[in-house]
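Student: I'd like to learn how to read salt bridges in a model like this one. Can you take me through it?

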Amino acid sequence: MAAVLVLALTGCEESIPAAGSEKAPGVPGEVQPNAPKAVPLDSTGLMNALPVESEVSDVFTGGDPFAGQGPEAVDHCAKEAGMACTGLIAIGGKDMEARGGSDGTRVEFRLYSFGTEEQAGAVMKGLAAAKLKSSAEYGEPAKPVTLVTVADETVASADDSSADVVLRIGTVVAHIDANDTDTAGLEHASNVQVERVRMVAAGRTPGY
């Protein structure tokens with residue numbers, strides 16, 4: 001599993017084509033007090049909560065989703081977040097790219113499920129800080145980006161060729177890594193991910 005879980009960072013200035021839907025209002029970077037409470041999700045729940053390509057863009061294709069739990073999942077989370085992932089239940093992920101790979105547009109979704117919202121919130125902040133630190137070490141420091149999402153908490157950053165969005169949805173942390181700096185595309189992908197997590201946490205089966 002360790003090899004599968006390595007996050008690949010690519011550099012390209014192409015934008016994620018949004019799939020023309022209205023975005024619900026939210027306050028970026030702040031907890032949304034009226035958001036539905038999510039319940040902890042296991043690896044099966046995370047698999048179901050990962051987005052479908054057609055929801056993100058009609059030009060995307062993707063590989064099979066994956067999920068894992070146990071010591072390897074905890075180690076992977078700790079490596080990505082730069083801190084201990086206390087309370088981690090499971091992780092999941094899925095990569096998407098433009099059909100044919102002609103323009104290099106790519107987006108990666110990662111989910112981390114925890115036992116409590118406090119545990120998820122701590123790792124969310126650690127993960128966001130780790131991504132900023134990593135970008136600075138590669139000589140192209142990312143800057144904070146304001147996104148309007150329906151997540152409980154949102155932290156985003158971008159440089160000239162890539163972006164990282166870290167979201168907390170109840171007890172789940174989502175990380176979206178895209179070679180895209182288009183705000184509308186990032187917001188759309190983020191909100192698709194949030195709604196799927198909430199749907200699964202509420203016991204409903206999302207569409208495919």
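Tutor: Start with burial: buried means under 20% relative accessible area, exposed over 50%, and partly exposed in between, using a 1.4 Å probe and protein chains only. E53 comes out at 15% relative accessibility, so E53 counts as buried. Keep in mind that this is a predicted model, where local features need pLDDT of at least 70, side-chain atom pairs count only at pLDDT 80 or more, and totals for chains, interfaces and linings use all residues. Residues are numbered from 1 along each chain as its sequence is written, and side-chain values use heavy atoms, with hydrogens and water left out.

Student: And what counts as a salt bridge?

Tutor: Side chains of opposite charge can pair when their charged atoms come close. The cut-off here is a side-chain nitrogen of Lys or Arg within 4 Å of a carboxyl oxygen of Asp or Glu.

Student: How many salt bridges does a search of the whole structure find?

Tutor: Twelve. Take K94 and E53, whose closest N and O atoms are 3.2 Å apart. K94 sits in strand 3 (residues 88-98) and E53 in helix 2 (residues 53-56), 41 residues apart. Helices (H or I, at least four residues) and strands (E, at least two) are DSSP runs, numbered from the N terminus. K94 is buried too, at 8%.

Student: Which residues do salt bridges that share partners join into one network?

Tutor: First look at R198 and D152, which meet at 3.3 Å, N to O. Both are buried. Salt bridges with shared partners join E117, K125, D152, E153, R168 and R198 into one network.
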